Amino acid sequence: MIEFKGYLTGVSQKYFCNQIVKLQRIFIVFTFIPAMYLILLFSYAYWGGSFIDLQTALVILILFVILFMLPKIQTKKEKEKNTPQRVYIDNDIIISQSNALVEGRTLMDVKEVRDYGDFYYLVFPFGKYSYRFVCQKDLLTQGTLADFETLFAGKIKRMPQKK
């Protein structure tokens, strides 16, 4: 058994929070585009053939910018609730546990393990995507980093270190 236990701190916590923000922004973009289409369709039908004026376009653009910026707001309570406090591997299953959710994947599902120096980030294919598998190296309580890297031999990608 390999276990990382404790709350993420420093660079790994910042990375985890940025992953949440990226996911929220992708969600906003893919919900805003159909909504934008419906707004344009409605304005076209409502104003009897005149398409869209500059003011409406500016309002829509401002709304999009505001919605795109909102995901940066996260309270300390939200971060604590969503941040994984335990990631462990047992019987070819990797489980990420936070105060809000427990999520599991098989080791075969792991597409890539990114080594950022202080932590590992596990990447999964599109249908099994999860941002919750961040393993901070100094939180390792059971097993060794060598055991972890042996499990994912051939899938580990060393990432450039930011200073």
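Helices (H or I, at least four residues) and strands (E, at least two) are DSSP runs, numbered from the N terminus. This is a predicted model, in which local features need pLDDT of at least 70, side-chain atom pairs count only at pLDDT 80 or more, and totals for chains, interfaces and linings use all residues. Residues are numbered from 1 along each chain as its sequence is written, and side-chain values use heavy atoms, with hydrogens and water left out.

Two strands pair if DSSP finds at least two bridges between them. Strand S5, residues 112-115, pairs with S6 in the antiparallel sense over 4 bridges. Arg114 has Tyr121 as its bridge partner in S6. The hairpin of S5 and S6 has 3 residues between the strands, and Gly117 there takes a positive phi near 95°. S5 also pairs with strand S9, residues 156-158, this time in the parallel sense over 3 bridges. In S9, Ile156 stands opposite Val113.

Put together, 4 strands form an open sheet in the order S7-S6-S5-S9, with mixed pairing. Which strands stand at the edges? They are S7 (134-136) and S9; each has a single partner strand, so one side of each is left without a neighbour in the sheet. The twist averages 25° from one strand to the next. Axes are lines fitted to C-alpha atoms, for helices over the stretch in contact, and angles run from 0 to 180 degrees between N-to-C directions. Helix H1 packs on this sheet, touching S5, S6 and S7, and its direction makes about 25° with that of S6. Contact means heavy atoms within 4.5 Å.

H1 covers residues 10-46. The expected span of a helix is 1.5 Å times one less than its number of residues. Buried residues in H1 include Tyr15, Phe16, Ile20, Ile28, Phe32 and Leu40. Buried means under 20% relative accessible area, exposed over 50%, partly exposed in between, with a 1.4 Å probe and protein chains only.

The other sheet has 5 strands in the order S4-S3-S2-S1-S8; it is open and the pairing is antiparallel. S4 (102-106) and S8 (140-142) stand at its edges, each with a single partner strand, so one side of each has no neighbour in the sheet. The twist here averages 20° from one strand to the next. S2 and S3 (residues 93-97) are joined by 5 bridges, and Asp90 has Ile93 as its bridge partner in S3.

Next, the interior. A nonpolar core is a set of buried Ala, Val, Leu, Ile, Met, Phe, Trp, Tyr and Cys residues joined through side-chain atoms within 4.5 Å. The largest one has 15 residues, and Val113, Leu122 and Phe148 are among those with the most contacts inside it. S1 (2-5), S2 (86-90) and S6 (119-123) each supply at least two residues of this core. A second, separate core of 12 residues includes Ile20, Phe119, Tyr131 and Leu139. What is Phe148 in contact with, leaving aside its neighbours within four places in sequence? The list is Ile2, Phe4, Ile89, Val113, Tyr120, Leu122 and Cys135.

Last, Ser98, in the loop between S3 and S4. Ser98 is buried, at a relative accessible area of 9%.
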